[in-house]
Amino acid sequence: MMSVNRFTSGRLPVFLRKSPFYYSRAYLHQTCVFKQNKETAQDSPELLAKSSHLNSKPLDVSNKAPVKTAQNKIPLAHSKYESSKYELPKWKEALGELVIRAFHLDMDRVRAGPVAGSYYYKICKEQGLQYEDEPLSETAKYFYEDLKLPRTFSQWFQITVLHEWILFVRMRAMPFKYGRNYQQKLVDRTFSDIELRLFEEMKVNSGRIADQYLKDFNTQLRGAIFAYDEGFATDDGTLATAVWRNLFGGRKNIDMVHLESVVRYIYSQLYVLSRLSDREFATGKFKFVPPGVKVEKLTPKQEEELKAKTIAKYEALDKDPKTLPSERSRLSYTN
Amino acid sequence: MSSSQVVRDSAKKLVNLLEKYPKDRIHHLVSFRDVQIARFRRVAGLPNVDDKGKSIKEKKPSLDEIKSIINRTSGPLGLNKEMLTKIQNKMVDEKFTEESINEQIRALSTIMNNKFRNYYDIGDKLYKPAGNPQYYQRLINAVDGKKKESLFTAMRTVLFGK
């Protein structure tokens with residue numbers, strides 16, 4: 001749908017802009033949630049992982065197949081409509097708006113594709129993305145260097161699944177119809193992308209073998225989501241066990257400090273998500289807090305201010321007659 | 001007290017701590033608790049015991065097995081299944097210092113005390129998600145075996161998603 005693509009092309013570049021690794025500002029509408037100063041920096045998951053003095057060398061026999069860059073590198077976004085540079089012609093945009101208005105399309109439902117299937121998948125994928133001959137990104141350094149995870153394709157998958165699960169937890173708190181749709185779109189996109197990467201980057205030639213891998217990844221996904229859910233619903237011990245089994249592949253000489261660091265990382269992401277309203281989350285106003293940043297808790301006063309700001313923003317947007325039909329949403333901005 | 005003695009004592013503490021670690025609710029291929037207890041019992045110089053309290057001796061490969069490894073040509077790495085499990089069960093020799101082992105204790109007790117769960121107080125917005133408030137409760141009930149899904153509830157989940 002054209003009008004939807006407008007959303008992707010027009011809005012998203014704002015979030016996707018590359019920003020310096022250390023944030024001095026918050027994501028939550030410019031409030032001071034993640035103030036980064038030297039004192040608090042002591043406590044970020046990354047520094048926690050680095051602080052360990054146990055110089056463990058994990059047995060790494062699996063790294064026989066590094067991920068190679070494909071000849072034509074697969075972009076994070078596959079279609080031209082997803083590119084941050086693409087702009088929809090004005091007439092197409094107008095036509096799209098007209099269609100939405102005429103047929104009363106449910107934009108919250110339509111938006112699941114560009115937001116969950118494209119943007120949210122992109123940020124999950126980026127976290128652990130690595131290629132043999134390219135320097136690691138800052139987040140990837142946390143996973144592969146600080147946590148000493150092997151640089152393989154399946155390890156990338158585990159990192160992606162962890163981030164997808166974090167988003168799932170928030171999606172469940174959306175109205176059922178929409179949250180479910182968001183989850184579905186995210187998973188669909190994951191597997192279509194993996195299939196492509198298996199052929200292009202891992203040089204799997206046979207469709208049958210690729211199918212076997214996909215089935216295997218599917219099983220891993222189910223197992224990991226279940227295990228993380230169980231941990232989330234019970235206690236940190238169970239969550240840490242789930243992380244150990246999935247992310248660390250059951251490494252025997254695990255460094256407990258690394259485990260603690262990941263648990264901290266997970267909770268800080270979930271905290272940010274829990275403070276976002278449905279409307280903000282559903283329109284893609286979230287990105288993962290880098291592991292080098294400590295998430296400070298909001299004081300009740302700050303929380304109120306934040307809520308008031310959000311409400312004021314979306315009330316104005318809803319009242320404004322100039323707001324385009326494609327930008328309208330019925331999701332709550334008060335929760 | 002020599003530093004190796006301190007490490008051994010700390011490892012004993014760690015084993016005691018791990019024994020209080022929550023047990024897996026369902027059976028997995030590996031159990032974090034068991035693997036780590038075995039690991040730190042070794043560091044503490046305690047004999048490893050199985051479920052019934054009998055000590056397990058770590059077997060070294062016999063001369064025949066070594067000969068067999070050298071002569072074998074088929075199978076992955078020229079090894080048979082039995083040998084592979086032996087390698088899998090092998091523990092890595094680790095060097096702990098006072099500092100590193102105390103860090104392990106601190107990290108583990110942080111996890112066991114739910115420090116981050118309590119600090120980042122996420123709230124019922126995510127623990128009882130609006131779209132599916134019973135989701136986690138049903139999951140835990142099923143895992144604990146408290147309340148089994150009936151055919152009706154199972155079909156309902158399949159058809160309607162919740």
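I looked up Thr97(B) and found this residue partly exposed, at a relative accessible area of 42% (buried is under 20%, exposed over 50%, partly exposed in between; 1.4 Å probe, protein chains only). The model is a predicted one: local features need pLDDT of at least 70 and side-chain atom pairs pLDDT 80 or more, while totals for chains, interfaces and linings use all residues. Residues are numbered from 1 along each chain as its sequence is written, chains are lettered from A and ligands numbered from 1 in the order written, and side-chain values use heavy atoms, without hydrogens and water.

UniProt lists Thr97(B) as "modified residue: Phosphothreonine"; such annotations may be inferred rather than shown by experiment. I placed Thr97(B) in the loop between helix H4 (81-89) and helix H5 (98-112) of chain B (helices are DSSP runs of H or I, at least four residues, numbered from the N terminus).

Next I checked the interface. I count 53 residues of chain B in contact with 53 of chain A (contact: heavy atoms within 4.5 Å). Phe116(B), Tyr120(B) and Lys125(B) supply 15% of the area chain B buries against chain A, more than any other three residues. The buried area between the chains is about 4,800 Å², with 62% from carbon and sulfur atoms (accessible area lost on being put together, 1.4 Å probe, summed over both parts).

I found two salt bridges between chain B and chain A (side-chain nitrogen of Lys or Arg within 4 Å of a carboxyl oxygen of Asp or Glu). Arg25(B) forms a salt bridge with Glu230(A), with the closest N and O atoms 3.3 Å apart.

Methods:
Helix = DSSP H or I, 4+ residues; strand = E, 2+ residues; numbered from the N terminus. Buried area = accessible area lost by both parts, 1.4 Å probe.
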